[in-house]
Amino acid sequence: MVNPVQDTAIHIDNVCFAYSGKQALHDVSLEIPSHKITAFIGPSGCGKSTLLRCINRINDRIAGARITSGTVRIHEIDIYRKDIDIQELRRRVGMVFQKYNPFAKSIYDNVVFGLKIAGMTKRSELDAAAEAALTGAALWDEVKDRLHSSALGLSGGQQQRLCIARAIANEPDILLMDEPCAALDPLATLKIEELMLELKKKFTIVIVTHNMAQASRCSDRTAFMYLGKLIEYGDTLQIFRNPSDKQTEAYISGAFG
Ligand SMILES: Nc1ncnc2c1ncn2[C@@H]1O[C@H](COP(=O)(O)OP(=O)(O)OP(=O)(O)O)[C@@H](O)[C@H]1O
Ligand SMILES: [Mg+2]
């Protein structure tokens, strides 16, 4: 018998979240499947980034910000348990941001940064890992002859793919992407979208996007949020073609947001 739980990478159960007492998420529950792309959509300020950041505890860095109730489990492990190793959690749950943020270092040093911190020292191993990550991020052919040049000399789309390479070099299970294409032109966006479809074979992907066409093109599951609540969550085709909630329908048809 197929156990549905096996295919769920992330369980978010009844999560409430507040910034210095101001509630930003209200009782949010959803199960995010493995090796699929799940999109969080909704108008500005509805809590998409907050929810995404609960999945690798990046919110912990914000003073006064915390989950006030509920749980987040990754492969059945409660990531808010006291004994969780945060460094290991962030290795397993990589993140890519809207404003691509490569370090002011060489392309090579960007990719192997996390591996060196994790203790990898052998040049041949680092070289192989860098090539694998850059290949995985569809960037290798464009940069293989200039690995030791500055990452800041790359185009925006290339810098974002470098950030993806940097995240996947650590061999995460999950990739969180917060509006990864918002600062890119349409061609660079298309390239990242193609890449995501390739990456989901290896990783579970959760993406925040304002781009409805992008959500419907790329994602398998879509969660529509409004005012800190999860309004509707389902298969992307159903959400876009036949939403069951009036607010979802209004948002995807462009009536607000
Ligand atoms: N660091 C913070 N400190 C205090 N309040 C915050 C912080 N970050 C977000 N908020 C508030 O929490 C709510 C949810 O914000 P969040 O950034 O999660 O929304 P979002 O859906 O990602 O919006 P956008 O589409 O504009 O990125 C908003 O009311 C926002 O003002
Ligand atoms: Mg956001």
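Let me start just after helix 3, where Gly119 takes a positive phi of about 105°. Helices here are DSSP runs of H or I with at least four residues, strands are E runs of at least two, and both are numbered from the N terminus.

Some ground rules. This is a predicted model, in which local features need pLDDT of at least 70, side-chain atom pairs count only at pLDDT 80 or more, and totals for chains, interfaces and linings use all residues. Residues are numbered from 1 along each chain as its sequence is written, while chains are lettered from A and ligands numbered from 1 in the order in which they are written.

Now confidence. pLDDT is the predictor's confidence in each residue, from 0 to 100. The chain's mean is 95, and 98% of its residues reach 70 or more. Residues 1-5 stay under 50, and there the model has zero contacts beyond four places in sequence. A contact is two C-beta atoms, placed from the backbone, within 7 Å.

Back to helix 3, residues 107-117. Its buried residues are Ile107, Asn110, Val111, Val112 and Gly114. Buried takes 20 or more other C-beta atoms within 10 Å of the residue's own, with C-beta atoms placed from the backbone; 12 or fewer is exposed, and in between is partly exposed. Their cover includes helix 2 (86-92), helix 4 (123-136), helix 5 (140-143) and helix 6 (156-169).

Next, the core. A nonpolar core joins buried Ala, Val, Leu, Ile, Met, Phe, Trp, Tyr and Cys residues through C-beta atoms within 7 Å. The largest one has 67 residues, and Ile55 is among those touching the most other members. Helix 6 gives the most to this core, seven residues. Beyond its neighbours within four places in sequence, Ile55 contacts Ile10, Val72, Val93, Ile174, Leu176 and Val206.

On to strand 9, residues 221-226. Six of its six residues are buried. Arg221, Ala223 and Met225 point one way; Thr222, Phe224 and Tyr226 point the other. What does strand 9 pair with? Strands pair if DSSP finds at least two bridges between them. Strand 3 (residues 37-41) runs parallel to strand 9 over four bridges, with Ile41 opposite Phe224. Strand 10 (residues 229-235) pairs antiparallel with strand 9 over six bridges, and there Arg221 faces Asp235. Strands 9 and 10 form a hairpin with two residues between them, and Leu227 in the turn has a positive phi of about 50°.

Last, ligand 1. Helix 1 (residues 48-54) supplies the largest share of the shell around ligand 1, three residues.
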